[in-house]
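Open the model in your viewer and keep the selection panel at hand. We will go from one stop to the next, looking at what each selection brings up.

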Amino acid sequence: MEPTKESVITIVDDNPTNLKVLFKFLNESGFKVLVAKNAISAIEKVKQTLPDLILLDVMMPGIDGFETCSRLKAEEATKDIPVIFMTGLSEPVDKLKGLELGAVDYITKPFHQEEVLARIKLHIRFKRLTETLQSQNQLLKLEIASRTAVESSLQRLTDELEERVEKRTAQLTKAVEDLQQAQVKLLQREEKLRYDAFHDTLTNLPNRAWFINRLKFLIELNARESDYLYAVLFLDLDRFKVVNDSLGHLVGDELLKSVSIRLQASLDEMATVARFGGDEFVILLEDIKDVCDATAVASRIKRELRLPFYLKDYELFVAGSIGIALGKIEYEKPEEVLRDADVAMYRAKHNGRARYEVFDPEMQELVMARLHLENDLRRAIATTLDPNLESEFCLHYQPIVSLRGGEILGFEALVRWNHPSRGCVSPGQFIPVAEETGLINELGWWILREGCRQMKSWLKLGGNVPLRMNVNLSPVQLLQVDIVEGIQEIIQETALPPNCLKLEITESCVLDISSEEAQVLKQLKSLGMQLCIDDFGTGYSSLSRLYEFPIDTLKIDMSFVRRIGQENGGEEIIQTIINLANSLGMSTVGEGIDTTQKLNKLEELGCDLGQGFLFSKPVDSLKATALLSDYNRRTLGEERGGAKF
């Protein structure tokens, strides 16, 4: 029997908010709802209008819910009305007390509307069934009394009535069993909801909600006991995106589950690991002695993550950057501890990844400085892209010279930022920020377009040697789905021959390139552009990867060129790189040439091209044009005759 609109429910609660929420919800669910704010008012209203069910708050001023229930059960008129306690108490002894007083159920705060509605319907249905049974039994008694006068039919009537009673008893038994099963399912669902609310569905680790609650408890404990110390370790997997992009999200998910298992195995019973989402894990260390306990755990996690993961026929290697924040008395909120651990984690990434850093206040200052720089960068890029405003960015050009003939064979386009208050901001400061925020995409398109326009204008000047414009391509830019179409559009817009454009990527970028990004490089090469690996010799790329990409040029990192002439010079490494390039049909560029000695040595080793202050610093377009005209008139040999570079 489903409860109808005639079902009346009385709510007894001293909390106006609870009354308002329950009244609105139950009223919209089709019930007639009466409310009372205290026990005295509740008892009077229940006597006046006998409801089908009473929702009774346990904790009320004056007469509490337990006493109110006891008084209602003592009255003949109200003793059979089902009472459901509403309480935030979770101790079994409290629930047992209510059930002993005659309550039929408990609803714990905060309320879940589906649970409240299900329990109310359950007990109203049970009450209706009980009333129906009592009514039917009363009818049976009347029938028995009326037929006792007829002696001859007494046995037949008795047998018939017994059969009917047995049948109806079986129906009631079945109904009770169904109700009991429904209640069990409700309890199971409640437990699952409680578990899901505090656990990550992928790894079954505690989630952010659980972590925040536990951390809040430790902050309060630390406030009471000043010698109590805890720590939070914020872990972010390095280059996890490469796994997702190259092997797919299913392998990525399996890797996250394996990492969670390995992290749990690395911790003792006083430590808990939680997953915050993505590739972020947070470890809570309780009751530690000092920072050494936290750094020891961080070191142990680093060692464990160095071991390979074997997933779906793949051997994967990952590393993690860890930020550590020690629990101190001045922390008042969990978010403050997590903020500082997160800041320390980003400092670890900035300092080289696969390491840990312990938070100190200076890091927060650096974070704020970076935030201001990011805001200024966003404004400057927006200004640059607006044709009606003057750009804060400009390009400088450094010539790339033939070491054999002395001609300028190209220029590298280098972006410069003239900030209105900071002055000239180093690319080493703003380029990493642009890459982290994705702003490098918009800035990169502008650099490429300006560089191509400038090279087109230089080609119109004529000259006896072909020129190329070298433009740096960020790893972030390679991830753009329309990068090939975008570059091709700029080439067509500026009418620059594709073979006059050379795109530079760093050696470290080669290691992270996925199969899709490798295909992008091959498409660019097929369009006639040239490709160059910058800073070669300092990254971690396998030499075998050079065979995978259509590379035209290797730029020898200036750290090797600078050591020429020193006791532990870089000549042997430079010679190895040149030999490698020659065997693969690639040209070489020596970066950072600032003395004639380095120039002569590179030429002796067989290096093809050179770049550095000996020829020219990066200069604006007017000075670069003058350099181009001057170098086209003179050979490198003539310069050696006495003029300075």
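How many disulfides are there in this predicted model? The count is zero.

Stop 1: Select C69 to begin. C69 has a relative accessible area of 0%, so it is buried. Now move to C452, which takes part in no disulfide. The nearest cysteine sulfur belongs to C500 and lies 9.6 Å away, while a disulfide would need the two sulfur atoms within 2.5 Å. C452 is also buried, because its relative accessibility is 0%.

**Stop 2: the largest nonpolar core.** This core has 79 residues. Select F393, I487, L501 and L503, the members with the most contacts inside it.

**Stop 3: around I487.** Keep I487 selected and show its surroundings. Setting aside neighbours within four places in sequence, I487 touches W445, L448, L501, L503, L524 and M529.

**Stop 4: L385.** Finish with helix α12, which spans residues 361–385 and includes L385. Is L385 buried, partly exposed or exposed? Its relative accessibility is 45%, so L385 counts as partly exposed. Now draw a distance from L385 to L443: their C-alpha atoms are 8.7 Å apart, although 58 residues separate the two along the chain.

Notes:
Residues numbered from 1 in each chain as written. Predicted model: local features only at pLDDT ≥ 70, side-chain atom pairs only at ≥ 80, totals over all residues. Heavy atoms only, no water. Core = buried A, V, L, I, M, F, W, Y, C linked by side-chain atoms within 4.5 Å. Buried < 20%, exposed > 50% of the residue type's maximum accessible area, 1.4 Å probe, protein only. Contact = heavy atoms within 4.5 Å. Helix = DSSP H or I, 4+ residues; strand = E, 2+ residues; numbered from the N terminus.
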